[in-house]
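Hi,

Here is the structure I promised to pass on.

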Amino acid sequence: MRIRFVQPDGTEKCVNEDPGVSVMVAAIRHGVAGINGDCGGSMDCATCHVYLDEAQSKLVPPQPVTKSTCCRLSSPSEGRPAA
Ligand code: FES
């Protein structure tokens with residue numbers, strides 16, 4: 001699968017990764033700035049954020065919203081929050 005990471009300043013990095021690998025792990029493997037994986041992907045550190053457009057969001061199953069994962073929800077129509 002191909003993943004495109006977009007930094008707050010607009011710079012992009014595209015990487016190829018095997019299906020089933022988390023986006024966080026792919027970012028760490030490819031040295032994407034700003035992704036530390038502090039909690040190992042358990043959603044406790046809340047440093048990972050993924051924004052999907054409407055078409056992409058239909059490709060993944062609904063995700064549970066829990067207290068530890070929900071600081072702020074936004075829809076694709078709201079766009080990406082300012083850095
Ligand atoms: S490593 Fe992604 S939320 Fe902690």
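Before the strand details, one term: two strands count as paired here if DSSP finds at least two bridges between them. With that in hand, Val6 stands opposite Glu12 in E2, and Arg2 stands opposite Asn16 in E2.

Keep in mind that this is a predicted model. The average pLDDT of the protein is 80, and 78% of the residues score at least 70. Among the elements, confidence is highest in E2, at 96, and lowest in H2, at a mean of 88.

**Overall layout**

The protein has two strands and two helices. Starting from the N terminus, the order is β-β-α-α. Of its 83 residues, 2% count as buried. As for contacts with a separation of 6 or more, 25% of them come from residues 24 or more positions apart.

**The hairpin**

Strand E1 covers residues 2–6 and pairs with E2 in the antiparallel sense, over five bridges. E2 itself spans residues 12–16. Five residues sit between the two strands of this hairpin, where Gly10 takes a positive phi near 95°.

**Ala33 and the loop**

Next, the stretch between the helices. Helix H1 runs over 23–29 and helix H2 over 54–57, and Ala33 lies in the loop between them. Is Ala33 buried or exposed? Ala33 is exposed, because it has 12 other C-beta atoms within 10 Å, and a residue counts as exposed at 12 or fewer.

Which distance separates Ala33 and Val6 in space? From C-alpha to C-alpha it is 9.9 Å, while in sequence the two are 27 residues apart.

Cheers

Key: Residues are numbered from 1 along each chain as its sequence is written. This is a predicted model: local features need pLDDT of at least 70, side-chain atom pairs count only at pLDDT 80 or more; totals for chains, interfaces and linings use all residues. Helices (H or I, at least four residues) and strands (E, at least two) are DSSP runs, numbered from the N terminus. A residue is buried if 20 or more other C-beta atoms lie within 10 Å of its own, exposed if 12 or fewer, and partly exposed in between; C-beta atoms are placed from the backbone. Two residues are in contact if their C-beta atoms, placed from the backbone, lie within 7 Å. pLDDT is the predictor's confidence in each residue, from 0 to 100.
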